[in-house]
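Here are my notes on the model you sent. Please read them alongside the structure.

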Amino acid sequence: MSDSPVIHWFRDDLRLADNPALAAARATGRPLVLAYILDEESRESRSLGGASRWWLDKSLRALGERIAAKGGALVLRRGPAETAIAKLLAETGAHAVYWTRRYGPARRIDERIKAALKKDGVEAQSFNGALLAEPFALKTGSGGAFKVFTPFWKALQASIEIPSPSPEPRAFPAAPQIVSDALDSWKLHPSMPDWSGGLAQMWTPGELGARKRMRDFMTGPIAGYADGRNIPSQASTSRLSPHLRFGEISPHQVWRAAQHAAEAGQAPVDQVQKFLSEIAWRDFSYHLLYHDPDMGRLSWRRQFEQVDWRMGSKAELEAWRRGRTGYPIIDAGMRELWATGWMHNRVRMIVASFFAKDLLVHWRKGEEWFWDTLVDADEANNANGWQWTAGTGADAAPYFRVFNPVLQGEKFDPAGDYVRSWVPELAKLAPKWIHRPWEAPVEALGSAGVTLGKTYPLPIIDHDFARKRALETYKTANQETAA
DNA sequence: TGAAATGTTGGGGCG
DNA sequence: ACGCCCCAACATTTC
């Protein structure tokens, strides 16, 4: 059995560097079977959205090429993970499976598999390659789960030990040749129509693309991150989210690089600290999801399931999705999402507030749209982001905090540059009117070539009315359950 | 990681 | 010169 192969089961860790599970598998010195399983059938596995499928396609291709260059092969299989793993074991004669742990509902799949493997005398080892601190490693003073970010962040900083990077395998020794699905046969890339042109322009999925993105950020924008991060017209954020989502880079790599940027004097310590706290929010989301696996579909504060949510008309939902609400900052954000698979975080909060407060539709429906269209959607962060804004989450904005899309636009996009780039039909409007075109004098609209209701919509809902409606409706739910 | 409503203050116009 | 009022600016409270 000493020469029997070890399987490294790739999941959301599509990288070779700093991958503890892969390094440990390689360190056994035994032949390595490198496998990815597309599991759309297990009950706990949420099927991927369109943008994620596009990304996965490119990321697997990149990973396969990197592995091939080192003499190995990436084996692709699809089906329920449990049966796919069993087949791989039978075909290869492997007696060990290594993987990187996951923390959402899918961890039940892993638990089942681990139990089944152990029963059959197969070694199963899992590793942390995805979080700075695993959800079960951090506890409050009273031994429970954290519900507030700040104490979580303090505990994380106090306990964190960043291990030195796990070595990247230099070569993959010969392993049993077994059949692999052709990646193209999975049809992850969209067709009829192929809407992915904007994504391809913006992103380079894969480990090398992730590293370049990180290098660019750490030698540039991080120095002004704390202030710049709120201005959507600036490229001040890292845009590492999809790379982290697919594990093309580890949070430990990001942490080390940020620390280095501070120590090397490339960026002020407070700016770096702010960035790292945002990386810690990612951990916090997983911490919450681990302790409430239903957080993806039910409000973390369960009383808000009682909110008298509206269904929303087809027309208004479609207006929101496609960026035709008549509120320029909302429309710019939703169009950025549609075009690039990504949206600046400040704008995510604004469009989510509009959805859950102004339209008063359950945040889950908005989460589902993000799930389908974002390249960085993961079950923890997408749900936590929506619940934060909707006011239903842990350490969330209070339910009565309602973003005013006009004021948010004027505060964070004062010149209107962001709106201009995504809503070109308003490009010629002066800064004074660009976030409130319906208040602009006819001359201003005329000279900008804007005809409200024709070239650009009137607001689909009056914010002042919607705000009051949301306050009353949320308040009722909050009181009913408290009583 | 709000916004709106309400309260307070102080400068300046004015009789 | 003084008191009164207005209201912008700022602070506090409420949702």
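1. Gly 71 comes after helix H2 and has a positive phi, near 90 degrees. Helices here are DSSP runs of H or I with at least four residues, strands are E runs of at least two, and both are numbered from the N terminus.

2. This is a predicted model; local features need pLDDT of at least 70, side-chain atom pairs count only at pLDDT 80 or more, and totals for chains, interfaces and linings use all residues. Residues are numbered from 1 along each chain as its sequence is written, while chains are lettered from A and ligands numbered from 1 in the order in which they are written.

3. H2 covers residues 50-69, 20 residues in total. From first C-alpha to last it reaches 29 Å, close to the expected 28 Å (1.5 Å times one less than the number of residues).

4. Which residues of H2 are buried? Among them are Trp 54, Trp 55, Leu 56, Lys 58 and Leu 60. Buried means 20 or more other C-beta atoms within 10 Å of the residue's own, with C-beta atoms placed from the backbone; 12 or fewer is exposed, and in between is partly exposed. Their cover includes strands E2 (32-38) and E3 (74-78) and helix H15 (363-373).

5. Chain A is split into domain 1 (6-129), domain 2 (131-161 + 207-291) and domain 3 (302-482). These bounds come from an automatic or database domain assignment. The C-alpha centres of domains 1 and 3 lie 39 Å apart. Contacts link 7 residues of domain 1 with 9 of domain 3 (C-beta atoms, placed from the backbone, within 7 Å).

Key: Two residues are in contact if their C-beta atoms, placed from the backbone, lie within 7 Å.
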